[in-house]
Amino acid sequence: MTRRQGYAVLSALVTLVVAVSAAIYLTVAADHGAVHSALTDDRPHHDSSVAPASTGTWVGAWSTSPVGGEPGTETTGLAGHSVRNVVHTGTGGTSARITLSNLYGQTPLTLTDASIALSAGAGTAAADPDSMRRLTFNGATGVVIPAGEQAVSDAVRLTVPHDSDVLVTTYSPTPSGPVTYHPHARQISYVADGDATKDTTGTPYTEQTTYWRYLTSLDVLSDEADGTVVVFGDSIADGITSTTGANHRWPDILAGRLRSAIEGGGQVPRYSVVNEGISGNQVLADGLGRPAENQSGLGRFGRDALSRPGVKVVVIDLGVNDILRNPQLADPNSIIAGLRTLVREAHARGLKAVGATLMPFQGHRGYTPAREAVRRQVNAQIRSGGVYDAVVDFDKALRDPYDPRRLRPDYDSGDHIHPSDRGYSRMAAVFDLSMLKGAGQAEL
């Protein structure tokens, strides 16, 4: 190669480098120089309130299970109304996202506006004005959720403290029903006429409700927690007799205990706690309808437990309704087989399964000596260690020492099956936090 040819080749290479560099520059400039980083959910984010890349782990701050279609909403749903759900966080974070469900809707649910904000105080529909954020779904301010489906919002930048009330508001302009709901919220939420999603005064919210509607989860990007504990149960997990608005369900109290232990430097896992209890839920049997209302534990376990963000441990407290609601005498071995199936599914995901013994119910209208015998047989197998990785003995902790077929009077709400606030507190107190350590066994 001559010197002239060498210069020509060098010049061509320089020209190529400059062209490639210019192309890169133009590409970055057209994208505003942004560095795209998924917050573990791989959804695009488009406005300035959407959360940027950050450290932390996505965990559940609050959740509830969809139970059925709300009576009276079959034809119009809540068209023309804003629904402001009030939920209480078990852990805090720097960004948030929500899940909305149309599981029991028979037609698509159109939501044209949604927002999230911190509550201005207890027992109010008013929001902290500085915290009000519009929610988006794949960058759009509205979303259409097909019948039987759900939608997850984009992550939004918002500092959510633990142990705080959060307001999640949706507006639907068109008929769609029935409304997917959770009837036993033990929390007052609100409804307003028209689109009041971004209202901070609370004034338009003249209707109160004890239901949670559409909303099934609030997740946060957290530096406080590295994983999620899911409490999977029935009305006792649901806290059906606990004081409304006081967050005295036993999973709430457990979340506070765990957080206090973490803050105090205790050797316990850094986990949040969420509640997936449904009143009347059974291990084996579905409710009526298509899709089934009050779906069995076996049927809903994947949706309500295994799919929770960052789930590490599942606490299972089910079985008493299989005894009480079966028109025939329940087979204890069938109940145990169902519980073992749940545990196997948890183990297949590498999760630990903690189980609870079934508490007594003499005095309840469904009590019979034969059903009491089934309860004791189920508890004997649970205590034997052949069902769960670890066991919390709620039966022993709350039964009357003078008559173990009954709840201790001060732990009894009065219906002889559900605990009082004091009983729920006792349940959380006897839960050994060290049981949350480690992973599930490969096989039992």
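This is a predicted model: local features need pLDDT of at least 70, side-chain atom pairs count only at pLDDT 80 or more; totals for chains, interfaces and linings use all residues.
The open sheet of three strands has the order 2-12-15, with antiparallel pairing; two strands are taken to pair if DSSP finds at least two bridges between them. Strands here are DSSP runs of E with at least two residues, helices are runs of H or I with at least four, and both are numbered from the N terminus. Strand 2 (68-69) and strand 15 (212-213) are the edges of this sheet; each has a single partner strand, so one side of each lacks a neighbour in the sheet. Strand 12, residues 180-182, is joined to strand 15 by two bridges, and the two run antiparallel. Within that pair, Tyr181 lies opposite Arg213 of strand 15.

Residues are numbered from 1 along each chain as its sequence is written, and side-chain values use heavy atoms, with hydrogens and water left out.

I turn to a second open sheet, of six strands, whose order is 7-6-11-3-13-14 with antiparallel pairing. Its edges are strand 7 (133-134) and strand 14 (207-209), each with a single partner strand, so one side of each has no neighbour in the sheet. Strand 13, residues 189-193, is connected to strand 14 by three bridges, and the two run antiparallel. Ser189 is placed opposite Thr209 of strand 14.

A parallel pairing is found elsewhere: strand 17 (residues 227-233) and strand 18 run parallel and share seven bridges. Gly227 has Tyr271 of strand 18 as its bridge partner. How many residues of strand 18 (residues 271-277) are buried? Seven of its seven are, where buried means under 20% relative accessible area, exposed over 50%, and partly exposed in between, with a 1.4 Å probe and protein chains only. In a regular strand the side chains alternate between the two faces of the sheet. In strand 18, Tyr271, Val273, Asn275 and Gly277 are on one side, Ser272, Val274 and Glu276 are on the other, and all are buried.

Next, the helices. Two packed helices are described by the angle between their axes and the distance between the axes. The axes of helix 4 (residues 297-306) and helix 6 (residues 332-348) come within 10 Å and cross at roughly 30 degrees; axes are lines fitted to C-alpha atoms over the stretch in contact, with angles from 0 to 180 degrees between N-to-C directions. Helix 4 is therefore roughly parallel to helix 6, given that angles under 35 degrees count as roughly parallel, over 145 as roughly antiparallel, 65 to 115 as roughly perpendicular and the rest as oblique. The contact, meaning heavy atoms within 4.5 Å, involves Gly297, Leu298, Phe301 and Leu306 of helix 4 with Gly338, Thr341, Leu342, Glu345 and Ala346 of helix 6.

Helix 6 also packs against helix 7 (residues 369-383), where the axes come within 9 Å and cross at roughly 40 degrees. Helix 6 is therefore oblique to helix 7. Pro332, Asn333, Ile335, Ile336, Leu339 and Arg340 of helix 6 meet Val374, Gln377, Val378, Gln381 and Ile382 of helix 7.

Finally, Glu149 sits in the loop between strand 8 (143-145) and strand 9 (150-152). Its relative accessibility is 43%, so Glu149 counts as partly exposed. Beyond its neighbours within four places in sequence, Glu149 is in contact with Ser101, Asn102 and Leu103.
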